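Please examine the structure shown here together with its sequence.

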Amino acid sequence: MQMPCAMQAISTVHLTFLPKLTSLSPSLPFSHQMATKQLRTTSISMLSFITFSLFLVLTFGKKTLDCNLFKGSWVYDDSYPMYEPASCPFIRKEFDCIKFGRQDHLYLKYRWKPDSCDLQRFDGMDLLRRFRGKRIMFVGDSLTLNQYESLLCLIHASAPNVWKSEVGTHVSPFTGIRFEGYNLTIEYFPSHYLVDINRRSIGRVLNLDSVSAGHIWQGVDVLIFNTGHWWPRSGPAQPWDFIQDGGKVLKDMDRTLAFTKALQTWAKWVDQNVGPSTKVFYQGISPDHYHGQDWGATKQDSCMRETQPILDASKIVGTVPQEAIVRNIISTMSKPAYLLDVTFLSQLRKDAHPSKYSGINFRNDCSHWCIPGLPDTWNQLLYAALVQS
Ligand SMILES: *[C@@H]1O[C@H](CO)[C@@H](O)[C@H](O)[C@H]1NC(C)=O
């Protein structure tokens with residue numbers, strides 16, 4: 001990843017130097033002496049150019065390692081999307097926007113461009129080779145499912161003829177796909193809260209202090225976690241009756257605090273149970289687009305009928321409060337998870353949700369994302385992080 005940046009630095013320098021070199025050439029035929037002198041000047045210029053380039057690479061080469069992949073903008077790219085929607089057998093109805101009637105396709109044509117380097121293209125064959133015999137597992141809610149299915153589509157597009165089989169049905173509805181021949185398994189483990197919900201005589205108890213599913217995640221080579229969207233839910237959409245916090249069982253509590261405590265429990269679990277060879281990621285909070293005032297539109301606006309990203313980032317006024325909590329907790333881990341910091345780049349994508357083109361009859365889904373679409377970029381970022389380390 002650092003290479004494209006260094007290359008870019010060189011070509012910028014080259015362009016700046018070029019006018020100087022060419023401005024010498026018109027006078028070349030006039031005198032031999034002049035020409036020799038000019039030639040010397042040219043080679044001195046070339047030499048200084050090379051020296052300067054080398055200097056740049058050595059000085060800034062290391063800097064490019066720190067290129068913030070998550071700070072950048074969306075640029076039009078006609079070569080996108082990375083696969084045809086109909087070519088992927090792994091897209092569930094909720095995310096299959098084109099199949100369910102979406103006519104505008106401009107939203108498929110944007111590439112994420114980090115400010116100070118280029119994001120490398122996703123290479124599914126390379127991933128299969130590097131992770132031969134390994135397991136990659138996504139653990140989280142339906143936003144995680146979004147990313148899981150996108151990764152399957154991306155690998156399938158690179159390796160359509162690799163035989164795939166379904167695995168992991170021992171914990172229903174836990175699902176997975178194995179790319180046979182490479183023996184790479186990609187799995188999805190549904191978990192809305194990461195911590196447990198236990199059935200007791202009093203009802204369903206959300207236990208902020210335990211992650212009993214953890215034993216299933218152990219020994220996996222790459223783990224990608226997420227929780228967030230279920231915490232504010234109440235009423236019939238809330239799948240628990242009580243919260244256990246330490247020794248106390250409560251009817252309810254501040255949801256931000258509950259989220260914080262659960263994430264602390266998860267962080268502690270990772271620190272105590274995940275071996276050094278496992279790569280742990282946290283999928284950053286995925287923003288929704290139900291409220292136009294979050295990006296300078298009116299209150300009535302949502303993702304519906306949006307066909308282009310927000311191209312002026314200063315329009316974004318809404319914040320995602322869980323973001324700071326996630327960042328803070330990760331920083332306290334003894335083996336910090338890699339934060340796939342997709343919040344900002346996703347905030348810009350008001351155009352990338354299924355809205356009414358979801359196959360499960362949502363009135364207007366501005367929370368999940370179409371596949372192909374934005375989650376492919378999340379996976380490009382995951383891939384970049386995996387091949388870098
Ligand atoms: C396939 O990978 C799994 C780990 O994911 C490993 O336990 C198993 O032995 C591998 N099978 C073969 C045939 O290499």
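The model is a predicted one. The protein contains nine helices and 13 strands. Of its 389 residues, 36% are buried. Among contacts between residues at least 6 apart in sequence, 76% join residues at least 24 apart.

Helix α4 spans residues 142-158 and has 17 residues. From its first C-alpha to its last, α4 reaches 25 Å, which is close to the 24 Å expected at 1.5 Å a residue. Because 14 of its 17 residues are buried, α4 is largely enclosed by the rest of the structure.

Is Gln322 buried or exposed? Gln322 counts as buried, because it has 20 C-beta neighbours inside 10 Å and the cut-off for a buried residue is 20 or more. Leaving aside residues up to four places away in sequence, Gln322 touches Gly228, Phe259 and Ile285.

The ligand is surrounded by Gly133, Lys134, Arg135, Asn183 and Thr185. This shell divides into three polar residues and two charged ones, with no nonpolar residue.

The backbone also deserves attention. Most residues other than glycine have a negative phi, and most peptide bonds are trans. Against that background, two peptide bonds may be noted. Tyr80 and Pro81 are joined by a cis peptide bond with omega of about 5°, and Pro81 is found in the loop between β1 (72-76) and β2 (110-114). The peptide bond from Ile371 to Pro372 is also cis, its omega being near -5°. Pro372 is found in the loop between α8 (343-347) and α9 (374-388).

Positive phi values occur as well. Leu194, a residue other than glycine, has phi near 65°. Leu194 is placed in the loop between β6 (184-190) and β7 (196-200), and it is buried, since 23 other C-beta atoms lie within 10 Å. Ser355 likewise is not a glycine, yet its phi is positive at about 40°. The place of Ser355 is in the loop between α8 and α9, the loop in which Pro372 is also found. With 23 C-beta neighbours inside 10 Å, Ser355 counts as buried.

Note on methods. Residues are numbered from 1 along each chain as its sequence is written. This is a predicted model: local features need pLDDT of at least 70, side-chain atom pairs count only at pLDDT 80 or more; totals for chains, interfaces and linings use all residues. Helices (H or I, at least four residues) and strands (E, at least two) are DSSP runs, numbered from the N terminus. A residue is buried if 20 or more other C-beta atoms lie within 10 Å of its own, exposed if 12 or fewer, and partly exposed in between; C-beta atoms are placed from the backbone. Two residues are in contact if their C-beta atoms, placed from the backbone, lie within 7 Å. The expected span of a helix is 1.5 Å times one less than its number of residues. A residue is near a molecule or strand if its C-beta atom, placed from the backbone, lies within 6 Å of it. Ala, Val, Leu, Ile, Met, Phe, Trp, Tyr, Cys and Pro count as nonpolar, Asp, Glu, Lys and Arg as charged, and the others, Gly among them, as polar.
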